[in-house]
Every structure is written in structure tokens, then in C-alpha cells.
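Thanks for asking me to look this one over. My comments are below as numbered points, for you to read alongside the structure.

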Amino acid sequence: MIDLSPFLARVSDDPLTLAFEEEKKVMPSLARMRPQMPQWEGGTFAEFAPEAFMARPESPLALYVHVPYCHHHCTFCPFYINQTKKDWSQAYARLLLKEIADTAHVLRDVIHKREVNVVYFGGGTPSDLEKDDLAAVIRSLRETFRFAADAEVTVEGRTTGFTPEKGQAWAAAGANRFSLGVQSANTRLRKKLGRLSSREQVGETLNGLCDSGATVVIDLLYGLPGQDVPLLLDDIRYLSEETPVHGLDLYELRRFPDSPLDKAINRGKMPPIPELADKARMFGAAYQRLADYGFEHFSPKHWRRDGKERSLYNRLARAQTDMIPFGSAGGGRLGAIGLGMARDIKTYTEMVEQGEKPLSRIAISPLAAEEGGFSYVLDESLEILRLPSLREWPASHQEAGEKLLAQWHEAGLILPQDDECGASLTCAGHFWSGRMKKLLLDLVAIPTAA
Ligand code: SF4
């Protein structure tokens with residue numbers, strides 16, 4: 001019999017702010033309970049890639065291109081690696097073109113046996129690449145691989161320097177979705193985050209990019225220092241009323257130790273991060289206001305105005321789809337083989353120039369492991385805003401799961417279980433979904449006699 005007490009939510013009339021304690025101690029995380037993965041002994045990329053590429057021929061295929069350069073370091077960001085400098089764009093695009101050609105040569109016997117469904121240019125700041133440089137890379141991928149007719153091709157970026165001319169050129173080359181990290185449309189808050197452009201410039205950029213015909217989506221953050229519910233709702237009002245963006249992603253700010261933001265808060269140069277209850281109120285208010293503006297909540301962090309926005313990359317990435325990585329510091333997988341690219345730009349450059357796939361880490365990932373099975377089901381289900389039905393749970397934990405889900409329903413986190421479809425999350429459930437996922441994984445990791 002499993003003791004469910006560490007997994008229960010508090011029953012109250014305000015589940016959004018009170019369902020769980022902020023510092024609630026839970027069971028050891030699943031990651032710590034996983035066995036160490038064995039060292040890779042499967043040969044070089046050229047040796048294993050063609051067979052691995054064909055291991056799941058019917059499943060979707062993604063290409064991920066990383067651009068680890070930024071104009072400067074935004075205060076909140078843990079992903080900054082290299083600063084842009086003179087002629088970096090042309091030099092980096094040249095390396096990407098060579099890496100694409102060399103990868104295609106390795107895969108030459110199988111490359112056209114699968115369709116590419118998704119391409120994602122992430123970073124860093126891909127939109128800082130020069131117009132013709134990124135256009136050449138997009139064209140090269142389209143000419144090298146076989147693309148599905150409805151393939152989603154996204155370029156990530158930020159509003160500063162993402163000109164309408166770049167949008168037009170990249171759309172003409174084959175990009176059809178632009179994802180911009182706006183974070184906040186409040187000029188004062190943006191400056192504190194290290195964002196250079198004003199609210200009006202953000203609006204101009206978004207309107208200009210929408211004219212390219214591509215889908216335009218933005219990221220917003222909640223839980224920023226000095227942010228409150230009225231500020232966040234004013235961002236949503238501005239972006240909904242003054243721009244035609246097709247989708248909006250809402251993320252909670254994470255404070256990373258030793259980031260510029262962390263240091264500024266510690267030195268008293270920025271206000272503290274809002275308390276968890278205040279963040280919950282921001283999420284709840286935004287959730288309601290987006291619905292009022294007609295946005296559809298269609299995946300955990302994503303809202304859209306119409307079906308033009310599919311957020312296919314995020315869906316496939318969560319589903320552990322096959323993803324061939326390109327560029328320094330990127331990552332991907334082929335079946336159960338995880339692929340990590342050289343993070344150091346000098347190492348990356350040398351390996352590409354020598355004609356090697358610039359991988360720094362190859363490992364068997366836990367895709368096929370037993371606990372990974374439920375993790376996968378859980379991710380797929382959360383992706384459509386539900387918890388999995390009990391029959392998708394490990395048989396050994398269904399009895400405990402039934403009791404826990406009944407309690408979470410009583411606590412206002414989920415709607416009643418449906419035998420076929422599982423349980424939909426409430427607004428509070430969406431806010432707490434990360435905690436709930438971790439609790440469920442910890443629960444099914446507990447050994448039972450069954
Ligand atoms: S938020 Fe984007 S642009 Fe800013 S440092 Fe991070 S990766 Fe670079």
C-alpha cells in the first residue's frame with residue numbers, strides 16, 4: 001500500500017494559490033532514481049546515423065539548428081553563450097552550410113526516405129544573422145532534405161534587428177513561422193531585462209513581420225521583478241489589440257543563480273521576484289484575459305488566435321521525436337540515441353572544417369526505459385492539457401493513482417476522470433502542472449509488491 005500523503009494537494013477555496021506549498025518536500029526525483037546510462041560504444045556518426053535514421057521511418061522528423069550568438073546578454077537568460085562580433089554571421093552560416101552538406105553525405109542512401117515535418121532555428125538569436133546568410137541556410141535545408149508539404153519552419157529571434165526585410169527574405173526562402181521573445185511589452189520592464197526596444201518598436205516589428213505572411217508568435221514572461229497583475233494584463237491588451245500576432249506563449253520567469261538578474265536582485269538594484277502566490281494570480285488573470293480576447297489554450301504554455309499557429313516544434317520535441325541537430329550547442333536524437341553538439345565554438349569550427357559531425361556527447365537516452373514509458377505518456381497527455389487515463393498508468397500503480405486523482409479533483413486541480421480521455425486540468429491545474437507531473441513520476445517510481 002503506497003502512502004499518498006506526500007502527494008496530496010491542499011483542499012481550499014483558492015487552489016490557484018494554495019494547492020501546494022512552495023517548498024514542499026517530495027519524493028526523490030525520477031532523474032536521481034534512474035540508473036546511469038552506459039558509455040556510448042556505437043561508433044561515429046557516419047557509422048551509426050544511416051541505420052538510426054531509419055529506425056523509426058514512419059515517425060515525424062525534425063531538424064534543429066542552433067545559433068549560439070546574441071548581441072548582448074539579457075539579464076534573466078541562462079542560454080547566452082557567445083557575443084556577436086564583426087563578420088560572425090557570414091562565418092557561422094558558412095559552417096552551417098558545410099555541416100548540412102556533410103550530414104547529407106553521411107545520410108545519402110536514406111535521406112529521402114523520410115519527410116521533414118519541422119525545422120527550428122533556435123538560440124541564441126537566429127534573427128541576428130544577416131538576411132542573406134540565414135536565407136541561404138534555409139534554402140540549403142529545403143534543397144537537401146525532403147520536406148512535408150505542411151512542414152513548419154520556425155526562426156526564433158528578438159524584436160531588435162528583426163526587420164521586415166529579414167522576415168520577407170526568410171519567408172521567401174521557406175520559413176513560415178517567426179517566434180519572438182518579447183517577454184514584456186512594458187518599456188521600463190524591458191530595459192531592466194536588457195531588452196533594447198520600446199513597446200512601440202515591439203509593436204512595429206510584430207506588425208512588419210506579420211506582413212510577411214508567416215505565422216508570428218511571441219513569448220511573454222510572468223513573475224518578473226516589479227511586475228504585477230495590471231502590468232501583465234496591459235501587455236496582453238497591447239499585444240492583442242495593437243498587433244495581429246497569431247499565438248502567444250506564457251512562461252514563468254525562472255531565476256538562475258549567478259545570472260545578471262540574480263546578481264542585480266541580490267545587490268538591491270532590482271525588486272525581488274514576486275512571491276509564488278502573486279505569480280499564481282498573474283497566471284490566473286492572464287489565463288482568463290487571453291480567453292476573453294478569443295485566444296485558444298491549446299498546449300500547456302501556448303495560446304493561439306487561429307489554427308495558423310500549430311506549435312508543431314514544441315509538440316514534437318516533447319514527444320521525443322527524431323531530431324537531427326546542426327550548429328554549436330544544439331541537441332537532438334535519433335531513436336534512443338541522444339546527440340549533443342560541441343558547445344565551444346572553436347571546437348565546433350574545427351570539427352566542421354575537418355568534415356566531422358561536431359558532436360560532443362552521444363548517449364543512449366531513456367526513451368525505451370520502463371519509467372520513461374509513463375513519462376512519455378504523461379508528456380503526451382499534458383501536451384493536450386490532460387492527465388492520462390488510469391488505464392495508461394502502470395498496472396501496479398493504478399489503485400493509488402485513482403485515489404490520488406480523486407483527491408486532486410476535490411482540491412480543484414482537475415475535472416472528473418474520463419475512462420477514455422483522462423482528466424482535463426483546471427486553470428489552477430495548469431499553473432501547478434509542473435509540480436503535478438513531478439509528483440506523478442515520483443509516485444510511479446515507488447516500488448510495489450504487484
Ligand atoms: S534571451 Fe535570447 S537574446 Fe537574450 S541572452 Fe538569452 S538567448 Fe540571447
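1. Let me start with Asp87, which sits in the loop between β3 (82–83) and α4. Please keep in mind here and below that this is a predicted model. The phi of Asp87 is near 65 degrees, a positive value in a residue other than glycine. Most residues other than glycine have a negative phi. Asp87 counts as exposed because its relative accessibility is 52%, and the cut-off for exposed is over 50%.

2. Ala329 belongs to the loop between β11 (322–326) and β12 (331–334).

3. Next, the backbone around Gly124. Gly123 and Gly124 are joined by a cis peptide bond, with omega at about 20 degrees. Most peptide bonds, in general, are trans. Gly124 is part of the loop between β4 (115–123) and α5, and Gly124 is also one of the residues around the ligand.

4. Which residues are around the ligand? They are Cys70, His72, Cys74, Phe76, Cys77, Tyr80, Gly124, Thr125, Arg158 and Arg195. Sorted by class, this shell has five nonpolar, three polar and two charged residues.

5. Now for the helices. Two packed helices are described by the angle between their axes and the distance between the axes. For α4 and helix α5 (residues 131–144), the angle is about 5 degrees and the axes are 9 Å apart. That angle makes α4 roughly parallel to α5, since the cut-off for this term is under 35 degrees. On the α4 side the contact involves Ser89, Gln90, Ala93, Leu96, Leu97, Ile100 and Ala104, and on the α5 side Asp133, Ala136, Val137, Ser140, Leu141 and Thr144. Eight of the residues in the contact of α4 with α5 are nonpolar, four are polar and one is charged.

6. Helix α4 (residues 88–106) also packs with helix α13 (residues 345–353), at an angle of about 45 degrees and with the axes 10 Å apart. That makes α4 oblique to α13, and the crossing of these helices is left-handed. From α4, the contact uses Tyr92, Leu95, Leu96, Lys98, Glu99 and Asp102; from α13 come Ile345, Tyr348, Thr349, Val352 and Glu353. In the contact of α4 with α13, six residues are nonpolar, one is polar and four are charged.

7. Setting aside neighbours within four places in sequence, Leu232 is in contact with Leu221, Tyr222, Gln227, Met282 and Ala286.

8. Ser299 is found in strand β9 (residues 296–299) and counts as buried, at 0% relative accessibility. Not counting residues up to four places away in sequence, Ser299 touches Arg315, Glu383 and Leu385.

9. Lastly, Pro244 lies in the loop between α9 (229–242) and β8 (247–252). Pro244 is partly exposed, with a relative accessible area of 37%. Not counting residues up to four places away in sequence, Pro244 touches Asn207, Cys210 and Arg305. The C-alpha atoms of Pro244 and Ala363 are separated by 43 Å.

Definitions and conventions:
Residues are numbered from 1 along each chain as its sequence is written. This is a predicted model: local features need pLDDT of at least 70, side-chain atom pairs count only at pLDDT 80 or more; totals for chains, interfaces and linings use all residues. Side-chain values use heavy atoms; hydrogens and water are left out. Axes are lines fitted to C-alpha atoms, for helices over the stretch in contact, and angles run from 0 to 180 degrees between N-to-C directions. Helices (H or I, at least four residues) and strands (E, at least two) are DSSP runs, numbered from the N terminus. Angles under 35 degrees count as roughly parallel, over 145 as roughly antiparallel, 65 to 115 as roughly perpendicular and the rest as oblique. A crossing is left-handed if the near helix is turned anticlockwise from the far one by less than a right angle, and right-handed if clockwise. Contact means heavy atoms within 4.5 Å. Ala, Val, Leu, Ile, Met, Phe, Trp, Tyr, Cys and Pro count as nonpolar, Asp, Glu, Lys and Arg as charged, and the others, Gly among them, as polar. A residue is near a molecule or strand if one of its heavy atoms lies within 4 Å of it. Buried means under 20% relative accessible area, exposed over 50%, partly exposed in between (1.4 Å probe, protein chains only).
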